Amino acid sequence: MNAVELIERKRDAGTLTSDEIKWLITSYTNDTVADYQMSAMAMAIFLNGLNAEELAAWTEAMLHSGDVLDFSDIDAPKADKHSTGGVGDKVSIPLGPMVAVCGVAIPMMSGRGLGHTGGTLDKLESIPGFTTGLDPATFRKVLDKTGLVLAGQSETLVPADRKLYALRDASGTVASIPLISSSIMSKKLAEGLDALVLDVKFGSGAFMTDTARARELAETMVGIGKSHGVDTVALMTDMNTPLGRQVGNANEIAESIEVLRGEGPDDLTEVTLELGVQMLLQTGVAPDAETARERLNRSVEDGSALEKFMEVVEAQGGDPAAIENPDLLPSTGKHWTIEAKEAGFVSVCDARSIGIAGMRLGAGRARKEDTIDPAVGITVLAKPGDEVEVGTPLAVLEYRHQARLDEALRILEHSWTISEEAPEPTPLILDLIE
Ligand code: URA
């Protein structure tokens, strides 16, 4: 087969066969198709898309470009959750322990933050000693021991995506629904799951800002999961406003602990519970939504979910004392408060600019190679619907360097809109796609 011929066909909106796609992905993985050729193909797909058969073949070829995990010898049902990413989205951290204590095995593989969105691995690594880079034997040992493992993607899983994602990042071809959905789903399908719940975000702080594109992405991913025999559902959730109050790393761990103690903010608790309900329903651990919710709430009330989290932290080399007492998590001790300049109701608290400001403080990375400062972050104190006076604190920034604080403050200048009237409430969870 000839890469140029396939690129030209897709460029002209033609169709590729399954064999051609398999050949292309295999040849790209073993370096016989060059980066510049795959880059041209990614742009052709970005512009002309993939039909359903092509998408299935593309995902399948990516999935089999490396190892596929097999946990079939574990008795419990296996499930994971994936979020398309947002600001203040620490849901995986309380969700994992809550669902695990209900009897679901969770081999959770998470990612790092990039741009204005945070990543679960970065947050977990703010716990002193916690390791997310586990070799396959340790990954399995932790899963067997605790029923939950919170780790990064292994090197041998979907190597085609490792190469292709970097290429897309550098060639303006990330925001393509077939390329995003095959990238995410090939990695999730390689985890050997029975069930997968997706949290597809929409709004200013999300990948897909408009709901129609987010819905299309959700439907595409659910379709891929189901066609591979994995019970997949997606919740579409609002990411116009940061989720919870904390944006950063150590502060997001502290807020996750609040959820596990039953003291978390309502929006974060609600998204966590709803995703958990879906996981318990999909795996058959709970017969209906009401029972699922009760079980999840019980795991918080009786302390078992928090205990589970401490168990996992310890199994992955972290210090459980920092979970018991979040004051032991990293902190700079330097704070700056932003106050409202006018009175009224908060109508906008913009997730994207708050995420970018957090990144500028050092909580995120602009480029993959940037390092994270686990201690810095933003506590959001005023959210849509809140009434404020002149001088009411809108947010507190924890910072380390004055120059970075100044930059963050410049970005945050227009993050809050104060209006005379209270805004109409909008749904946090827009839809369930199944
Ligand atoms: N996350 C992924 O893993 N892949 C994409 O293409 C986009 C987000």
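Me: In this predicted model, which atoms, and within what distance, define a salt bridge?
Reply: A salt bridge is counted when a side-chain nitrogen of Lys or Arg lies within 4 Å of a carboxyl oxygen of Asp or Glu. The model is a predicted one, and the number of salt bridges that the structure holds is 26.

Me: How far apart are the closest N and O atoms of E20 and R9, and where in the chain do the two residues lie?
Reply: E20 belongs to helix 2 (residues 18-29) and R9 to helix 1 (residues 3-11), so that the pair, 11 residues apart, links distant parts of the chain. The two residues form a salt bridge, and their closest N and O atoms are separated by 2.8 Å.

Me: Why does E20 count as buried, and which class does R9 take?
Reply: E20 has a relative accessible area of 13%, and because buried means under 20%, this residue is buried. For R9 the relative accessibility is 25%, a value that falls between the limits of 20% and 50%, and R9 therefore counts as partly exposed.

Me: Are D199 and K201 buried or exposed, and what is the N to O distance of their salt bridge?
Reply: The relative accessibility of D199 is 0% and that of K201 is 1%, so both residues count as buried under the 20% limit. Their side chains meet in a salt bridge, for which the N to O distance is 2.8 Å.

Me: Which residues are linked with K90 in a network of salt bridges?
Reply: The network of salt bridges that includes K90 is made up of lysine and glutamate residues. The residues linked with K90 are K123, E252 and E255.

Me: Where does L69 lie, and how far is it from L157 in space, C-alpha to C-alpha?
Reply: L69 is found in the loop between helix 4 (52-63) and strand 1 (79-83), and with a relative accessible area of 24% this residue is partly exposed. Leaving aside neighbours within four places in sequence, L69 is in contact with M109, L157, A190, E191 and G192. L157 is 88 residues away from L69 in sequence, yet the C-alpha to C-alpha distance between them is 8.3 Å.

Conventions. Residues are numbered from 1 along each chain as its sequence is written. This is a predicted model: local features need pLDDT of at least 70, side-chain atom pairs count only at pLDDT 80 or more; totals for chains, interfaces and linings use all residues. Side-chain values use heavy atoms; hydrogens and water are left out. Helices (H or I, at least four residues) and strands (E, at least two) are DSSP runs, numbered from the N terminus. Buried means under 20% relative accessible area, exposed over 50%, partly exposed in between (1.4 Å probe, protein chains only). Contact means heavy atoms within 4.5 Å.
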